[in-house]
Amino acid sequence: MSFGTTEYQERILKTKQSMVEKGIEVLLITDPANMNYLSGYDGWSFYVHQMLIVIDDEDQPIWIGRNQDTNGAKATSWLYHENLIPYPDDYVQSDTKHPMDFVADILKQIGQDKRAVGVEMDNYYFTAKCYEQLRKGLPNADFKDATLLVNWIRLVKSDAEIQYMKRAATIVEKAMMDGIGMINEGVRECDVAAKIFHTQITGTKEFGGDYPAIVPLLPSGEKTSTPHLTWTDDRYKKGDSVILELAGCYKRYHSPLARTVNIGQPSERLQSLSQIVVEGLNACLEMIKPGIACEEIEETWRKTIHKSGIVKESRLGYAMGLNYPPDWGEHTASIRRGDKTILQPNMTFHLIPGIWLDQYGFEASEALRVTATGCETFASLPRQLVIKEGALETNFN
């Protein structure tokens, strides 16, 4: 297990308290990050249907998954083995059976079919078919939307979680520097991606890395005008700029980081944009502290860069930490106008004030922890535009 039994029990208690507030008696969890958070279960089995069931008057949750994944649940979770219930393989991708039929039958057998049942409605892993089959199988249940119920509990991290994220930060620093070091004229984009992947998984001599929830994002040239492109087998050209957005991951906990590189001397417009973004980023980091609202961070950014005439429409950042593909964000607090979430110590965010214009862009980001008096970044690399002057020379402008 990644954490001691006591920490898992505390998480279960907080979850049950939130269930009471929302009028939920039985909580059905399909988000693998929430499943991991409450049970410790960690496997690449989320491509088939699986579930963790939290019942208000039961000490432990019930895990239901594919039969061949049951031993994985035994190996990674803190749950009693009798609380691990496998479904047969003929439920997998079948035209006549569905795993939610099996779940409904189990809930009937244990007398939980006429209660208030919470489901994570807006969830990558909970399909319309899942909901349809549960409604059919549990006609007497009172279904309620439990989207993000556990995610909000995850918002404030324990000290152990913070240590995992600090390890992830050590990994992402190495991966970032290895990627930057390899980027140069004539080098293939895919080879840089391969180098980054190798470092992300290898980690350090003291601890290895896990697979991040998002692959390295590596737009180059005019493609830096958008943030979510990966790589090709094209070769970098002199004058190209490259955005690197990646994360270190340790025991499913992430520390993202973004930096921008230019091969050779950058254009004046990119140089100017980089200075604007870094100035705004620094201003935000200086003012973050417990007791302020997320929207106040965005306001600081907006006022700082106002003189430049640049407007950022997208959010400035988001809560992040424990997760699985396709996202390391927690889908709760966002750093943007109107988000009145009050910062507390040990909340963790990815502050990413990227600007993407019509033909070019610039990103510099920091993963951070709110401390008792301010904030600290997990990584410690310079934020300025990186200028690559030669095969072995890397300069932070």
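UniProt positions follow the numbering used here, feature names are shortened, and annotations may be inferred rather than shown by experiment. This is a predicted model, in which local features need pLDDT of at least 70, side-chain atom pairs count only at pLDDT 80 or more, and totals for chains, interfaces and linings use all residues. Residues are numbered from 1 along each chain as its sequence is written, and side-chain values use heavy atoms, leaving out hydrogens and water.

**View 1. The annotated domain, residues 164–365.** An unreviewed UniProt entry places "domain: Peptidase M24" here. Helices (H or I, at least four residues) and strands (E, at least two) are DSSP runs, numbered from the N terminus.

**View 2. Helix 7 (residues 159–182) against helix 8 (residues 189–202).** Their axes, lines fitted to C-alpha atoms over the stretch in contact, are 9 Å apart. The packing angle is about 160°, on a scale from 0 to 180 degrees between N-to-C directions. The two helices are therefore roughly antiparallel (angle over 145 degrees).

**View 3. Residues where helix 7 and helix 8 meet.** Helix 7 contributes I171, K174, A175, D178, G179 and M182. Helix 8 contributes D191, V192, K195, I196, T199 and Q200. Contact means heavy atoms within 4.5 Å. The contact residues divide into five nonpolar, three polar and four charged.

**View 4. E330 in strand 10 (residues 329–335).** E330 counts as buried because its relative accessibility is 0% (buried: under 20% relative accessible area, 1.4 Å probe, protein chains only). Beyond neighbours within four places in sequence, E330 contacts residues including L148, N151, R154 and K157. Its partners also include A319, M320, G321, L322 and N323.

Conventions
Parallel < 35°, antiparallel > 145°, perpendicular 65-115°, else oblique. Nonpolar A, V, L, I, M, F, W, Y, C, P; charged D, E, K, R; others polar. Buried < 20%, exposed > 50% of the residue type's maximum accessible area, 1.4 Å probe, protein only.
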